[in-house]
Amino acid sequence: MENMDTGDQMSDRILSALIKTGILTQEKAKTAQRVKSKLPPGKTIADVVKELKYVTSEQLKEVFRSNHLSLRIGDILVELGYLAPERLHSALDIQKTEIN
């Protein structure tokens with residue numbers, strides 16, 4: 001995929017926004033990254049921080065809204081658990097072939 005953020009880049013931006021807003025501490029962000037690194041690839045950083053009870057779904061949504069993170073809508077849907085990464089990649093592949 002061209003111009004696609006890696007999961008790590010996306011995770012870093014989300015964690016930075018959570019830290020910036022005071023919802024998450026640097027220490028909790030590092031813990032969340034460590035936990036995510038030990039989980040299967042389908043887990044997003046949003047899943048991890050919610051499961052660790054560091055943030056609520058509402059807090060995540062508010063951070064996405066208020067910080068104008070430069071994430072594409074598909075990436076946000078994946079992070080919030082509304083869309084599987086494979087489905088996003090398939091849709092983008094279809095879109096790419098239709099444009100060309």
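## Basis

This is a predicted model, in which local features need pLDDT of at least 70 and side-chain atom pairs count only at pLDDT 80 or more, while totals for chains, interfaces and linings use all residues. Residues are numbered from 1 along each chain as its sequence is written, and side-chain values use heavy atoms, with hydrogens and water left out.

## Overall make-up

The protein has six helices and zero strands, so that helices and strands here are DSSP runs (helices H or I, at least four residues; strands E, at least two), numbered from the N terminus. From that end the elements run α-α-α-α-α-α.

Of the 100 residues, 33% count as buried. Buried means under 20% relative accessible area, exposed over 50%, and partly exposed in between (1.4 Å probe, protein chains only). The accessible surface of the protein comes to about 6600 Å², and carbon and sulfur atoms account for 53% of this; such areas come from the Shrake-Rupley method with a 1.4 Å probe, and for residues only the protein chains shown count as cover. Among contacts (heavy atoms within 4.5 Å) with a separation of 6 or more, 55% are between residues 24 or more positions apart.

## The nonpolar core

In soluble globular proteins, nonpolar side chains tend to be buried together. A nonpolar core is here a set of buried Ala, Val, Leu, Ile, Met, Phe, Trp, Tyr and Cys residues joined through side-chain atoms within 4.5 Å. The largest such core has 19 residues, of which I14, L15, L18, L24, V49, V55 and L60 touch the most other members. Two or more residues each come from α1 (7–20), α2 (26–37), α3 and α4. The largest share, five residues, is that of α1.

V49 lies in helix α3 and is buried, with a relative accessible area of 1%. Leaving aside neighbours within four places in sequence, V49 is in contact with L15, L18, L24, A32, Y54 and V55. V49 and A29 are 20 residues apart in sequence, and their C-alpha atoms are 8.2 Å apart.

## Salt bridges

A salt bridge is a side-chain nitrogen of Lys or Arg within 4 Å of a carboxyl oxygen of Asp or Glu. The count comes to three. K43 and E51 form one of them, with N and O 2.4 Å apart; K43 is partly exposed, at 26% relative accessible area.

E58, E62 and R65 are linked in a network. The closest N and O atoms are 3.9 Å apart for R65 and E58, and 3.5 Å apart for E62 and R65. E62 and R65 both lie in helix α4 (residues 57–67), three residues apart, about one turn of the helix. E62 is partly exposed, with a relative accessible area of 41%.

D47 lies in helix α3 (residues 45–51) and touches G42 and E79, not counting residues up to four places away in sequence.

## A nonpolar surface patch

I73, L77 and Y82 form a nonpolar patch on the surface, with about 330 Å² of accessible area together. Patches are made of residues with over 30% relative accessible area and no salt bridge, with like charges joined within 9 Å and nonpolar side chains (Val, Leu, Ile, Met, Phe, Trp, Tyr) within 5 Å. Y82 sits in the loop between α5 (73–79) and α6 (85–99) and is exposed, with a relative accessible area of 55%.
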